[in-house]
Amino acid sequence: MTTHTPHFDADVVLIGGGIMSATLGAMLAQQRPEWRVLLLERADALATESSGPWNNAGTGHTGFCELNYMPDPTDAAKPLSMVEQFGRTRAWWDALIADGRLDDGFLHRTPHLDIVFGERDMAYLRRRYETLRAHPAFAEMEYTENPETIREWAPLVMEGRGPESMWGRMAATRHPGGTDVDFGALTRGLVEIVTDAGGEVRYGHEVTRLRRTLAGWTVRGRGSEGRFEIRARRVFVGAGGKALRLLQSARLPEVRGYAVLPVGAAFLRCSDPEVARRLDGKVYGQADIGAPPMSVPHLDRRYVDGADHLLFGPYATFSTKLLKRGRLTDFFTTLRPGNLHVVAAAGLQNLSLVRYLVGQLAASRRAKFAQLQRFYPDADPAQWELVAAGQRAQLVTPDRRRIGVLQQGTELVSGADGTIAGLLGASPGASTAVPIMEELLIRWGIAAAVEPQPNSAKTPVAS
């Protein structure tokens, strides 16, 4: 009696051409170079959604400046977790750069600052600084309430500010070890590692359904040449806002009751290099009372395609799309009888988010610009344009006590048999891509060598 061996088109299918699929693919190229890796992307290029440089703020999230990671100034758990995870990510990037497999043009050293106004926020920032300085990763952080020191750190922020009585007292922290990351360029570089190892990328391939077989998965979808069907041993769903819908189509019990809420963003952008060069760093502030954590205002110097820019925001937008290039029906396709009550409960518990969104949508351009002028009083409206950023799908998970909980961050979900996994949620996923994919490779039973070798010198970050 002969045993039929199923034919597979790929050992692993990666769905979505963003930073997560690129990271996993590059790790597989290192760990399992004999595997056939196939990446499917619905667009005609890589990193067109959340990984694109204008669809995110480019912050290498370490906890140096993200005040929303530490609402209690005495609790450093989240910043310490973030700096550790980003450190592991950086170590892997640096090892690839040292080996000549990845160009370092995507990464720039950029100080991370906080600037706050008023006695309440100054007291908070001072206490936060005192807490963080006790940990080695934050030893280089500085604190000041001196306007002249703030002027040295961020001259553009102080230009045209006028007397203290007009703006109130200020305080600031600065950490010189921050980074600005072009995740789009990084994604393209990592995918090149995949293709150099024999992997394949197919553009214009939108996956619409996943079906389990006796030995693996059937990946179905539509492309420019009609419908396609691909047989794979394993599948990773890195499709951003569409990931939940695909995992639902796979009838994965691990996502039963899960839901997503679409939240978009826009930024003001200045591409005048003379203005951009007057800010050395990323300047984060404190969100308004009652505003959600994702609304923290920040003024960022960006390095994209070899040019300097400034980016300020975010300003919340709303659409039922789950991708920037998605469809208005996207959100509704994720609704199920088992998650309707979860979505409703999360919405009722986050009415401040609803009010914030309504206020943001109703705000005029003049009102938006006034928020920028709090950080850059001399800003010239003629030099700034409003640009749409990426569309996010905030994860909502079932909860026994609260029914539904809006999650901040990302969650790796994998099937019990270890043949399918997906990433749900939003920021700061890109900055923690390596620990997330390392965890997936462990679940898949693959040794993940993501640490640089002992003799590998740390590659300096471009300035």
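Predicted model: local features only at pLDDT ≥ 70, side-chain atom pairs only at ≥ 80, totals over all residues.
Local features need pLDDT of at least 70 and side-chain atom pairs count only at pLDDT 80 or more, while totals for chains, interfaces and linings use all residues. Residues are numbered from 1 along each chain as its sequence is written, and side-chain values use heavy atoms, with hydrogens and water left out.

**Sheet**

Nine strands form an open sheet with mixed pairing, in the order β5-β6-β4-β13-β14-β15-β12-β16-β17. Its edge strands are β5 (142-144) and β17 (403-406). The twist averages 30 degrees from one strand to the next. Strands are DSSP runs of E with at least two residues, helices runs of H or I with at least four, numbered from the N terminus. Two strands pair if DSSP finds at least two bridges between them. β4 (112-117) and β13 (282-284) run parallel over three bridges. Asp114 has Tyr284 of β13 as its bridge partner.

Helix α11 (340-349) lies across β12, β16 and β17, at about 60 degrees to β17. Helix α13 (365-375) lies across β4, β12, β13, β14, β15 and β16, at about 125 degrees to β15. Angles run from 0 to 180 degrees between N-to-C directions, with axes fitted to C-alpha atoms.

**Salt bridges**

The structure holds 29 salt bridges. Each is a side-chain nitrogen of Lys or Arg within 4 Å of a carboxyl oxygen of Asp or Glu.

| Pair | N to O distance |
|---|---|
| Lys282 and Asp180 | 2.8 Å |
| Glu206 and Arg327 | 2.9 Å |
| Glu385 and Arg269 | 2.8 Å |

Buried means under 20% relative accessible area, exposed over 50%, partly exposed in between (1.4 Å probe, protein chains only). Lys282 is buried at 0%, and so is Asp180 at 0%. Glu206 is buried at 10%, whereas Arg327 is partly exposed at 34%. Glu385 is partly exposed at 37%; Arg269 is buried at 15%. Shared partners join Arg42, Glu206, Arg222, Lys242 and Arg327 into one salt-bridge network.

**Cysteines and Ser431**

The disulfide count is zero, taking a pair of cysteine sulfur atoms within 2.5 Å as the rule. Cys65 is buried at 0% relative accessible area. Cys270 is buried at 0% too.

Ser431 sits in the loop between β19 (420-425) and α14 (433-443). Ser431 is buried at 1%. Its side chain reaches the backbone nitrogen of His61 at 3.0 Å. Contacts of Ser431 (heavy atoms within 4.5 Å) include Thr59, Gln85 and Phe183.

How values were computed:
Polar contact = N/O pair within 3.5 Å; in protein donor to acceptor, adjacent residues only side chain to side chain. Lists of a residue's contacts leave out its neighbours within four places in sequence.
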